[in-house]
Amino acid sequence: MRSVRISTTGCPSDYSRGLFPIIAQSLGYQLHWVKPTEADLLILGPFLNGGSKKLSWCPKPLRPTMQSMINLVPARNHEALRVFHSAENLRHDTVASDYSITFDLNITSSNHFRLPYWMEMIDWSHEGVVGNANPRYGHLMKIERLMQPLGERFLEKPKAAAFLSSHIREPRKTLFEAVQKVMPVTGFGAHFNRNIKNHHLSGFLKQELLQEFGFNLCPENGMYPGYYTEKIPEAFFADCLPISWADENVKVDFNPNAFINLAPMSWCNYTPLAEIINTPKLLEGYSSQALLLKAPSIEPFKNFVKNILEDACS
């Protein structure tokens, strides 16, 4: 078994339980977590650079937590292989690195891999990858379910929406108000309950909560080609019709006929939403759609991780 000294800076505190280290171990590497100055492989995360301007994308209630995670890249006494790995809406060249793992589409470099964050929440045990988790949601998502129609269960649920959010800055505020005009919307999360310090301490599991709702208002945090997170598939997996806000390239990951996208309705103040919600045939159409039209595989990412590890050990 080969060993690699690995470290992170600017990464989420639970990074060691994510796909990259899990896959590395499945490939036969023993990971030794060390200080950044001692690493052979240094993972650079999205919270690398501090300052209020750098955190402007982050909801204010979460900024203290993010700030506490921030570390500038330290000086080092040897050259570590650097990998920029971001689950946030940041470009692949935001941080100088040898390799990058981001949401970005159509990057031709062989040193970049597109791994949308929702794939971190998939059950990959059928491809030999085990150990990842989705603690806030309650379960890993199975590809088989996401490739099946939303189904009758959705049609039987209350015509009401859940909205989980730690903030309600735009465009969330406008989207929230637009959906409220059409059906009841119940808010959950730090914005609606000031006793919740952050989403890791919400006191509920998202999948269980969504069982009581036919819809889930789940706009992305930002709009950029390729930036599609766990929000749409988690709603779908809980038998909810997702109501999203994403650009048209979302079809690279998900069937656009399997969820409501509010973004194309912006020009007309979201007026088509009322017709969709109040027309049974249209809702039946959504219920007949699968979210994934083609089964994704984690094998390409495993090969990418293998290349990085071989480079780090060379």
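1. In which loop does Y227 lie? Y227 belongs to the loop between β9 (215-217) and α7 (231-237), where helices (H or I, at least four residues) and strands (E, at least two) are DSSP runs, numbered from the N terminus. At 2% relative accessibility, Y227 counts as buried, the term standing for under 20% relative accessible area, with exposed meaning over 50% and partly exposed in between (1.4 Å probe, protein chains only). Not counting residues up to four places away in sequence, Y227 touches A87, E88, N89, F103, E220, N221 and G222, a contact being heavy atoms within 4.5 Å. Y227 and T102 lie 125 residues apart in sequence, yet their C-alpha atoms are 8.8 Å apart in space.

2. On provenance, this is a predicted model, in which local features need pLDDT of at least 70 and side-chain atom pairs count only at pLDDT 80 or more, while totals for chains, interfaces and linings use all residues. Residues are numbered from 1 along each chain as its sequence is written, and side-chain values use heavy atoms, with hydrogens and water left out.

3. As to the overall content, the secondary structure of the protein comes to 10 helices and 11 strands, and buried residues make up 51% of its 314 residues. Among contacts between residues at least 6 apart in sequence, 69% join residues at least 24 apart.

4. Helix α1 (residues 19-26) is mostly covered, with six of its eight residues buried, namely L19, F20, P21, I22, I23 and A24. These buried residues pack against β2 (29-33), β3 (41-44), β4 (81-85), β5 (99-102) and α10 (299-313). A24, at 0% relative accessibility, is in contact with Y29, L31, V305 and L309 when its neighbours within four places in sequence are left aside. A24 and K302, 278 residues apart in sequence, are 8.0 Å apart C-alpha to C-alpha. Just after α1, G28 takes a positive phi of about 95°.

5. The largest nonpolar core has 82 residues, of which L41, I260, L262 and F301 touch the most other members; such a core is a set of buried Ala, Val, Leu, Ile, Met, Phe, Trp, Tyr and Cys residues joined through side-chain atoms within 4.5 Å. Helix α10 gives the most to this core, with six residues. A second, separate core of six residues includes L44, L48, F84 and V95.

6. The structure holds nine aromatic pairs, where rings of Phe, Tyr and Trp (its six-membered ring) pair if their centres lie within 6.5 Å, planes under 30 degrees apart counting as stacked, over 60 as edge-to-face and the rest as tilted. The rings of F113 and F301 have their centres 5.2 Å apart and their planes at 45°, so the pair is tilted. F113 in strand β6 (residues 112-114) and F301 in helix α10 are 188 residues apart, so that this pair links distant parts of the chain, and both F113 and F301 are buried. For W118 and F254, the ring centres are 5.1 Å apart and the planes at 50°, so this pair is tilted. Y99, F113, F301 and F304 form one aromatic cluster.

7. Finally, the charged end of R91 sits over the ring of Y224, 3.5 Å from its centre; the criterion is NZ of Lys or CZ of Arg within 6 Å of the ring centre and within 35 degrees of the ring normal.
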